[in-house]
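This report looks at cavities, a helix packing and some backbone features. The structure comes first.

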Amino acid sequence: MSELLTVSPSPHIRSARRTSHIMLDVIIALIPALVAACVIFGPRSLLVVSVCVAAAMLSEWAFERITRRPNTLGDLSAVVTGMLLGLSLPFNMPLWQAVIGSAVAIIIVKQLFGGIGKNFANPAVTARIVILVAFSNSAPQWINPVDGVAGATPLERLGANQTASYLQLFLGEHGGSLGETCALALLLGGVYLVVRRVITWHVPIAYLGSAALLSWAFGMDPLYQLLSGGLMLGAIFMATDYSTSPCNPWGKIIFGVGCGLITMLIRAFGSYPEGVSFAILLMNILCPYIDRWTARKPFGGAVKA
Amino acid sequence: MSLFRLKGVRTPHRKNTAQMPAVRMPAAQEVVIPMSMHIGAPATPLVKAGDTVCVGDVIAEAGGFVSAPVHASVSGTVKSIGEFLLTSGKKVPCITVVSDGMMTVSDCVKPPEVVDRESFLNAVRASGSVGLGGAGFPTFVKLNVKDPAQVDTVVINGAECEPYITSDTRTMLDRAEEIEEGIRLLQTYLGIGQFVIGIERNKPECIAKMQELAARNTAVKVVSLPSVYPQGAEKVLIYHTTGRTVPAGKLPLDVGVIVMNCTTVAFLAQYVRTGMPLVEKCITVDGSAVKCPQNIIAPVGTALKDVFAFCGGFREQPAKVLYGGPMMGIAVVSLDAPVIKNTNAVLALDEQEAKMPSPTACIRCGACVNHCPMRLDPAGLSRALEREDAAALIKGRVDLCMECGCCSYICPASRPLIQQNRLAKEYLRKKKAREEAREKQKAEAAKAQPQVQQEEGKQ
């Protein structure tokens with residue numbers, strides 16, 4: 001018998017796309033928002049985001065080092081978490097608070113549950129809530145970049161019967177977190193992600209659509225609601241996180257509508273001006289149930305299990 | 001036609017040899033013919049060492065109802081009857097024939113007399129035909145339907161959805177008349193009224209050629225299928241060509257359909273015309289390690305090393321050699337493995353192409369779920385197997401997995417999903433066997449119990 005060859009079970013070819021490619025696509029999709037943040041809020045934006053990314057990567061490395069798990073920095077998911085968290089913070093955020101937020105996101109929300117793919121809550125969203133709650137007294141006010149003075153976000157201003165123009169909202173020239181103000185940049189990123197098939201349209205459209213519909217039903221201005229606050233950032237980048245959102249199309253739609261409903265309920269009736277983070281976190285918790293409800297019947301297997 | 005398409009993956013096509021008509025390779029010095037080149041019982045050898053055989057001589061008869069006879073593919077002398085290790089790990093007898101280089105055709109090879117259903121089916125049985133698409137189910141068994149009225153449609157599989165393989169493409173282009181004749185035979189002798197030829201859209205020439213055929217025969221319809229793997233999978237093909245869903249655990253027959261590969265149909269016509277049984281096979285020889293990829297016609301039993309030598313040898317040392325395409329093909333251990341009846345391609349992959357990325361953590365992206373043609377949840381099944389949750393595996397219908405490999409192909413974390421499904425099926429099989437054994441033991445113990453008590457009573 002001649003030399004033995006390698007045998008392995010089929011399939012013998014794999015698609016070229018790896019986890020790191022998907023994460024890289026998300027990073028690319030976030031770049032317009034990052035650029036917009038630098039233009040609107042100045043170079044400190046880049047510093048805040050960089051600190052978050054560095055802290056997230058360091059937390060991941062250190063945790064895996066201490067627990068002797070394989071290093072997963074190469075999959076770039078920590079970079080995505082850091083970027084998302086950084087972009088959902090105000091530009092004058094004390095850096096030490098940003099560092100704590102990143103560590104919470106990576107260590108508590110992600111790694112303690114088993115690392116990538118095993119976390120039930122979105123790390124960036126949860127860390128943002130932690131920061132909001134923990135540092136509510138000392139956290140800086142959202143700055144209005146146009147006049148440079150501490151001022152309310154459009155949603156807070158709405159409460160005070162002041163409004164920003166649609167164009168201002170669309171381009172992001174108003175107060176808010178770094179990455180959430182410029183709807184144009186976020187939409188660009190979203191289109192990129194859909195075109196690259198990293199995400200599907202279901203969650204963002206269901207989220208934004210239901211939010212618009214409900215704001216109209218609650219007697220609010222739908223367009224103003226869509227363009228302000230963290231809705232775009234949340235709907236396109238955070239509610240579409242793989243680990244914490246359903247995987248079937250119908251599940252995604254239910255998830256998106258649920259997010260829209262909770263967001264608008266908080267905005268309309270809650271004491272917080274913004275409800276995106278809470279909405280996503282609450283729906284994250286429901287995700288396993290939604291997955292179970294919407295599990296598809298196997299082809300030809302509808303008879304009995 | 002179906003409203004919703006079943007999912008699949010877009011694999012690279014790599015149909016490098018589509019424009020190359022098959023070249024007949026000369027007989028090798030020696031052929032090794034295994035007795036199991038089909039699904040079912042192995043054939044029983046009828047010859048012994050030292051016998052002289054000619055091309056087309058029966059050298060083994062069907063070993064059961066679901067089986068097929070085997071014929072000599074070269075003329076020469078039977079060297080030995082040995083043991084052959086199948087890719088499945090089973091051992092079956094094999095007949096080694098040393099070629100005399102003459103390729104003398106046997107006197108037995110003459111066109112069979114086909115006048116009615118029975119004589120046609122007998123001819124199919126005698127031809128040694130098996131499903132040439134790859135599965136190798138004996139054609140006679142497939143066509144010998146108990147209730148002929150049950151079947152109204154024959155779906156002819158020209159999808160050829162695996163990358164690299166073009167042997168069916170060549171059949172459709174070079175042997176269109178034989179496909180037409182084969183359809184006529186099935187129409188005349190089995191009374192089947194409708195024929196649907198399913199072809200992937202990446203073969204426009206084949207679609208055109210088959211449409212010419214359909215123009216001449218109103219019973220024939222050509223359906224162009226999207227170029228999405230696995231269009232050629234039986235249940236997927238039936239659904240996309242006829243809109244019928246084969247229920248779980250049922251056969252195509254239950255929805256009135258027989259699926260046949262286009263090359264099988266062409267072969268039947270060829271056999272009825274010439275009487276030459278299935279002794280040679282058109283195969284695609286390709287892969288990154290092959291010097292001159294091409295389509296060849298090789299006698300059944302030709303060792304792969306002779307096949308590759310005919311194709312100019314290797315560009316570089318092959319790391320993996322496959323029977324069939326890269327999605328469902330089976331890796332062979334040695335180049336001594338022969339071409340068998342249902343081989344439609346042999347691929348030699350170089351080290352780089354054969355290299356598999358190592359698995360990383362599942363990121364729950366849902367790609368496997370959203371690409372599974374059977375709408376299963378491969379990642380969920382994989383998790384269920386890891387925690388040995390038999391109930392979840394049964395509920396998740398792991399039995400429906402046809403092992404097409406879409407999940408493993410698409411997984412960005414390179415998880416061994418389809419491999420886990422295979423293990424899960426094996427796990428359930430073993431668990432069931434264990435439980436049955438335990439039940440049996442219990443029943444026997446219960447039977448033995450009263451006797452023991454009686455004996456004790458006597459004392």
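Where in chain B is the place of B:Pro230? In this predicted model, B:Pro230 sits in the loop between β11 (220-225) and α6 (234-242) of chain B.

**Backbone features**

The peptide bond that joins B:Tyr229 and B:Pro230 is cis, with omega about 0°. Chain A has a cis peptide bond between A:Ser10 and A:Pro11, where omega is about -5°. A:Pro11 belongs to the segment before α1 of chain A.

Positive phi values in residues other than glycine are found at B:Arg364, near 55°, and at B:Glu388, near 50°. B:Arg364 is in the loop between α9 (351-354) and α10 of chain B. B:Glu388 is in the loop between α11 (378-386) and α12 (390-395) of chain B.

**Cavities**

Searching the whole structure gives five cavities of 30 Å³ or more. The table lists two of them.

| Cavity | Volume | Lining by class |
|---|---|---|
| Largest cavity | about 340 Å³ | 15 nonpolar, seven polar and two charged residues |
| Second largest cavity | about 90 Å³ | 11 nonpolar, three polar and one charged residues |

The largest cavity holds about 340 Å³ of space. It is lined by 24 residues, and those closest to its centre are A:Met23, A:Val80, A:Leu84, A:Asp241 and A:Tyr242. Four helices of chain A, namely α1 (19-41), α3, α5 (123-134) and α11 (231-238), each contribute at least two residues to this lining. The largest share, four residues, is that of α3(A).

Two or more lining residues come from each of α10 (367-371) and α13 (406-410) of chain B.

**Packing of α3(A) with α4(A)**

The helix α3(A), which gives four residues to the lining of the largest cavity, also packs on another helix of chain A. Two packed helices are described by the angle between their axes and the distance between the axes. For α3 (residues 77-87) and α4 (residues 95-110) of chain A, the angle is about 135° and the axes are 10 Å apart. Angles over 145 degrees count as roughly antiparallel and those from 65 to 115 as roughly perpendicular; α3(A) and α4(A) are therefore oblique to each other. The crossing of α3(A) past α4(A) is right-handed.

On the α3(A) side, the contact is made by A:Ser77, A:Ala78, A:Thr81 and A:Leu85. The α4(A) side supplies A:Ala98, A:Gly101, A:Ser102, A:Ala105, A:Ile106 and A:Lys110. By class, the residues of this contact are five nonpolar, four polar and one charged.

**B:Pro111 and its contacts**

B:Pro111 is in the loop between β8 (91-99) and α1 (117-126) of chain B. Apart from neighbours within four places in sequence, B:Pro111 is in contact with B:Val272, B:Arg273, B:Thr274 and B:Gly275.

How many residues apart in sequence are B:Pro111 and B:Cys372? The separation is 261 residues, and the C-alpha to C-alpha distance between B:Pro111 and B:Cys372 is 45 Å.

Methods. Residues numbered from 1 in each chain as written. Chains lettered and ligands numbered in written order. Predicted model: local features only at pLDDT ≥ 70, side-chain atom pairs only at ≥ 80, totals over all residues. Heavy atoms only, no water. Axes fitted to C-alpha atoms, helices over the stretch in contact; angles between N-to-C directions. Parallel < 35°, antiparallel > 145°, perpendicular 65-115°, else oblique. Left-handed = near helix turned anticlockwise from the far one by under 90°. Contact = heavy atoms within 4.5 Å. Nonpolar A, V, L, I, M, F, W, Y, C, P; charged D, E, K, R; others polar. 1 Å grid on protein atoms, 1.4 Å probe; cavity = no way out; pocket = protein on both sides within 12 Å on 5 of 7 lines; lining within 4 Å. Points joined across faces, edges and corners; volume = space filled by probe spheres on them.
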